[in-house]
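User: I have not looked at this protein before. Can you walk me through it?

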Amino acid sequence: MREAESKPCPPDGPTRRQEPIGRGPTAHVSVARLLVTGLEGTGGDGAALARRAGLPEQVPDNDDARVPTDHLSRLWRLGLGANDDPCLGVKAAGRWRFGRLRLMDYLVANAQTVTEMFTVMQQYSALLNTAPNEIRLTGGAGSTGKGTVTYQIRSGDPDVDAMASQYAMATVLFRARYVAGREIRPLHVGLTSGPPAQHRELADRLGARRLDFGADATTMTLASADLSLPLPDADARLGAVLRQHAADVIAAQARPSPWSDRLRQVIVAQLAGGGLSLQAVARALALSPRSLQRRLAEEGTTWRDLVETVRHDRATALLAGGATRKEVAARLGFSDTRALRAALRRWRTDPGAAGARIPPS
């Protein structure tokens, strides 16, 4: 149940826009921090896992930093490799405390009911993660007598998706209990993972009356009485202000950053010239190599990941526009077409192949 904490207002100060240079799906840095903390809480070495997953050693401690969602997937894969506990997701979610997910926690706390909490969570999900995950509420108070929340992570790795979705759903449930100020027991929880040898602990931690495995998506069904619960500390006026602020933050995330565009242009030009290096790009931007690396870390990426992203984007555009593989290899600094083919396989996409597509990450 809830701890004695105050939660009427979000952290002071405006949120400055932070545009991720890589332009792929990103997650708020608070999501990465909470996951690292959760894996530490289940006996893992969070700092070591974070380094191996590619997260910056010094993640910026501000309200606007973001990290590529690929890094979260890698973190989950490493966590699964180090711990085969079927309750790993729920246990990691147990490290959530109010305020750790920043603006999202304050948004849902100032919804009027549990149903509205889930609606707000869905509407502003890009605050936490811009990947194409499935988040929705069907049914609800006053309709069928129950409602079902779906929260399915879709990274392309079934094992990661199953455990990350268990974690996400558990975090949502724990948050609902906290803001409602009372116990909420799901009527049913469906998980995409196969049934473990023992699942009593999992059912107990979730408080689920029924638990099924092998589902198509991770779901949680709640009674209408729970969905209609009012949130005792909600402030309607503050909620309206926070929702407008959240909409502004999401809109700012989608706007291009001139500095990011300039950096990508320099990388593309140097790829074509065959002289790409961090030092050369830093000189072109009138920065020291260390300053460039620091800015990359602040925007949640690394030099290696950024170059990979730029090559991926340019290869996709050039091949889709009719360029030959030989031309693309030369323009993007690959040694030959075989190196380009290897990169296309690594990216799991080949725009020159029939029916190929860029999978969600």
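**Sheet, helices and cover**

User: How many bridges join β3 to strand β4, and in which sense do they run?
Analyst: 6 bridges join β3 to β4 (residues 146-152), and the two run antiparallel. Strands here are DSSP runs of E with at least two residues, helices are runs of H or I with at least four, and both are numbered from the N terminus. Two strands pair if DSSP finds at least two bridges between them.

User: Before we go on, where do the coordinates come from?
Analyst: This is a predicted model, in which local features need pLDDT of at least 70 and side-chain atom pairs count only at pLDDT 80 or more, while totals for chains, interfaces and linings use all residues. Residues are numbered from 1 along each chain as its sequence is written, and side-chain values use heavy atoms, with hydrogens and water left out.

User: Back to the strands. Which residue is the bridge partner of E134 in β4?
Analyst: It is Q152.

User: Which helices pack on the sheet there?
Analyst: Helix α6 (residues 114-123) does, touching β3, β4 and β7 (219-223). Contact means heavy atoms within 4.5 Å. The direction of α6 makes about 150° with that of β3; axes are lines fitted to C-alpha atoms, for helices over the stretch in contact, and angles run from 0 to 180 degrees between N-to-C directions. Helix α7 (residues 158-180) also packs on the sheet, touching β4 and β7, and its direction makes about 135° with that of β4.

User: What is the strand order of the sheet?
Analyst: The sheet is open, has 5 strands with mixed pairing, and runs β3-β4-β7-β5-β6. β3 (134-139) and β6 (211-212) stand at the edges with a single partner strand each, so one side of each has no neighbour in the sheet.

User: What does β7 pair with?
Analyst: β4 and β7 are joined by 5 bridges and run antiparallel, with T221 in β7 as the bridge partner of T148. Strand β5 (residues 188-190) also pairs with β7 in the antiparallel sense, over 3 bridges. There, G190 stands opposite T219.

User: Is β7 buried or exposed?
Analyst: β7 is mostly covered, with 4 of its 5 residues buried. Buried means under 20% relative accessible area, exposed over 50%, and partly exposed in between (1.4 Å probe, protein chains only).

User: And T218, where does that sit?
Analyst: T218 lies in the loop between β6 and β7. Its relative accessibility is 0%, so T218 counts as buried.

User: Different topic. How do α2 and α3 pack?
Analyst: Helix α2 (residues 46-53) and helix α3 (residues 69-82) pack at an angle of about 130°, with their axes 8 Å apart. That makes α2 oblique to α3; angles under 35 degrees count as roughly parallel, over 145 as roughly antiparallel, 65 to 115 as roughly perpendicular, and the rest as oblique.

User: Which residues meet there?
Analyst: L49, A50, R52 and A53 in α2 meet H71, R74, L75, L78 and G79 in α3.

User: Which residues of α2 are buried?
Analyst: G46, A48, L49, A50 and A53 are. The buried residues of α2 pack against α1 (29-41) and α3. After α2 comes G54, whose phi is positive, near 95°.

User: What about α14 and α16?
Analyst: α14 and helix α16 (residues 337-347) pack at an angle of about 105°, and their axes are 11 Å apart. That makes α14 roughly perpendicular to α16. E308, R311, H312, A315 and L319 in α14 meet L344, R346 and W347 in α16.

User: Is V307 buried or exposed?
Analyst: V307 counts as buried, at 9% relative accessibility. V307 is found in α14 (residues 303-320).

User: And A240?
Analyst: A240 is found in helix α10 (residues 236-254) and is partly exposed, with a relative accessible area of 39%. A240 and A111 are 129 residues apart in sequence, and 9.1 Å apart in space from C-alpha to C-alpha.
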